[in-house]
Amino acid sequence: MLACALTLGMILPGSASSAELEIVASSPDMAMNGVAVTPDGRVFVSIPQWTDTQSPSVAEITGDGSIRPYPGDAWNQFDLAYPIDRFVNVNAVHADGAGSLWVVDYAGPNFGPSIPDAQKLVRIDLATNQVVRVYRFSNEVLPEGARLNDVRVDPERGIAYISEFGVGAIIVLDIESGQAFRALDRHYSTRAHPDVVTTFLGEPFRTDFLQVNDIELSPDGETLYFQPTGGPILWQIPTKFLTEPRSNAELEPHVHIATKSMTIGGVTRDRSGVIYLGSVQDNAIWTFDPVTGQTSKFLQDDRLLWPDAMSVSPDDYLYIPAPQLRLLPKFQRGQDGTRGDFTVYRVKLGGPSD
């Protein structure tokens with residue numbers, strides 16, 4: 001199946017130049033890896049504890065580019081003595097379009113193991129800027145080695161989908177009851193392909209320890225897209241089959257190939273449903289149109305060092321964080337290989353027709 005999948009998709013020429021990139025915010029020591037833009041244009045970032053600087057875990061980028069801790073209380077006072085009631089190692093933020101900001105904390109600072117009982121999904125009311133609910137998970141949902149990664153929320157159906165990249169599964173959460181279950185647990189679509197070897201700045205590296213990482217929902221909430229970091233396939237499944245626990249055998253007939261993919265840091269979509277993939281091997285953004293099946297390189301820029309969890313704003317800008325993941329000391333034999341500031345960029349999209 002995988003060999004056939006690599007022939008899928010029509011590759012089209014690029015459509016944006018590097019000159020169109022704008023700087024939204026930058027920092028010399030805070031590795032912003034994810035961005036979320038709300039319907040009214042507020043911009044939030046996730047900042048994992050990846051450097052020696054104890055940075056806020058979640059921040060709002062103000063109009064002048066300042067990075068302000070959010071929600072501004074004890075949640076952002078990093079202290080391992082209080083790992084359950086504070087942010088420990090936030091990996092993703094997501095604005096659901098219905099008034100909430102969702103924060104994924106896998107609670108494993110400095111690339112270490114997750115602290116027991118500290119992994120959580122936090123919901124913040126954007127109107128009051130207050131944490132309104134913290135979702136925690138049983139050992140059945142988060143078995144040993146499991147790590148929360150990214151989230152997409154369907155507020156109309158009241159469902160959150162969370163990628164779990166340590167063992168490999170999609171966690172399905174009823175946001176009203178708080179009940180959750182694992183779907184496609186250790187399935188080949190949620191597990192890293194063992195033969196994938198990619199490159200970053202010309203150096204090879206493996207991603208076989210990174211299970212399902214990147215997820216996205218279609219605009220109507222009826223299709224979930226997902227893939228392990230290394231690809232090489234972007235998978236899809238109708239969400240109607242994820243409404244209750246089902247075995248892998250029951251789900252397998254409904255798991256399909258969306259397109260061939262590449263090693264990516266993050267994924268998002270625009271209002272029309274076009275999907276944007278942050279390709280780490282060529283510092284580029286690729287697009288996939290589920291309607292036409294076409295894949296094309298939208299943007300390439302050497303400043304996009306590990307383009308991670310992106311977001312599209314209501315005025316059709318694509319926001320792109322560049323956290324330089326593979327240049328951090330963890331992956332450079334203890335040496336800092338980062339190139340200048342950690343930066344969040346944006347680029348204007350064509351915008352869907354209204």
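1. Which residue in the turn between strand 23 and strand 24 has a positive phi? Gly293 does, at about 80 degrees. The two strands form a hairpin with five residues between them. Strands here are DSSP runs of E, at least two residues long, numbered from the N terminus.

2. Ground rules. This is a predicted model, in which local features need pLDDT of at least 70 and side-chain atom pairs count only at pLDDT 80 or more, while totals for chains, interfaces and linings use all residues. Residues are numbered from 1 along each chain as its sequence is written, and side-chain values use heavy atoms, with hydrogens and water left out.

3. Strand 23 and its partners. Strand 23 covers residues 284–288. It pairs with strand 24 (residues 294–300) in the antiparallel sense, over five bridges. Two strands count as paired if DSSP finds at least two bridges between them. Trp286 stands opposite Lys297 in strand 24. On strand 22 (residues 275–279), the pairing with strand 23 is again antiparallel, over five bridges. There, Tyr276 has Thr287 as its bridge partner. The hairpin of strand 22 and strand 23 has four residues between the strands. In this hairpin Asn283 takes a positive phi near 50 degrees.

4. Burial of strand 23. Five of its five residues are buried, so strand 23 is largely enclosed by the rest of the structure. Buried means under 20% relative accessible area, exposed over 50%, and partly exposed in between, with a 1.4 Å probe and protein chains only. In a regular strand the side chains alternate between the two faces of the sheet. Here Ala284, Trp286 and Phe288 point one way, and Ile285 and Thr287 the other way.

5. The sheet 11-12-13-14. Four strands in this order form an open, antiparallel sheet. Strand 11 (148–154) and strand 14 (180–183) each have a single partner strand, so one side of each lacks a neighbour in the sheet. Neighbouring strands are turned by 25 degrees against each other on average, direction ignored. The angles are taken between axes, which are lines fitted to C-alpha atoms (for helices over the stretch in contact); they run from 0 to 180 degrees between N-to-C directions. Six bridges join strand 11 to strand 12 (residues 159–164). Leu148 has Glu164 in strand 12 as its bridge partner.

6. The cores. A nonpolar core is a set of buried Ala, Val, Leu, Ile, Met, Phe, Trp, Tyr and Cys residues joined through side-chain atoms within 4.5 Å. The largest has 33 residues. Leu121, Phe137, Leu148 and Val151 have the most contacts inside it. Strand 8, strand 11, strand 12 and strand 13 each supply at least two residues. Strand 11 gives the most, with three. A second, separate core has 19 residues, including Tyr161, Val172, Trp235 and Leu242.

7. Aromatic pairs. Rings of Phe, Tyr and Trp (its six-membered ring) pair if their centres lie within 6.5 Å; planes under 30 degrees apart count as stacked, over 60 as edge-to-face and the rest as tilted. The whole structure holds 10 such pairs. Tyr106 and Phe165 are edge-to-face, 5.6 Å centre to centre, with 80 degrees between the planes. Tyr106 lies in the loop between strand 8 (100–105) and strand 9 (120–125), and Phe165 in the loop between strand 12 and strand 13 (169–174), so the pair ties together parts 59 residues apart in sequence. Tyr106 and Phe165 are buried. Elsewhere, ring pairs link Trp50, Phe111 and Phe331 into a cluster.

8. A charge over a ring. The charged end of Arg346 sits over the ring of Tyr317, 3.7 Å from its centre. The criterion is NZ of Lys or CZ of Arg within 6 Å of the ring centre and within 35 degrees of the ring normal.

9. Ile237. This residue lies in strand 19 (residues 233–238).

10. Thr207. This residue sits in the loop between strand 16 (203–206) and strand 17 (212–217). Thr207 is buried, with a relative accessible area of 2%.
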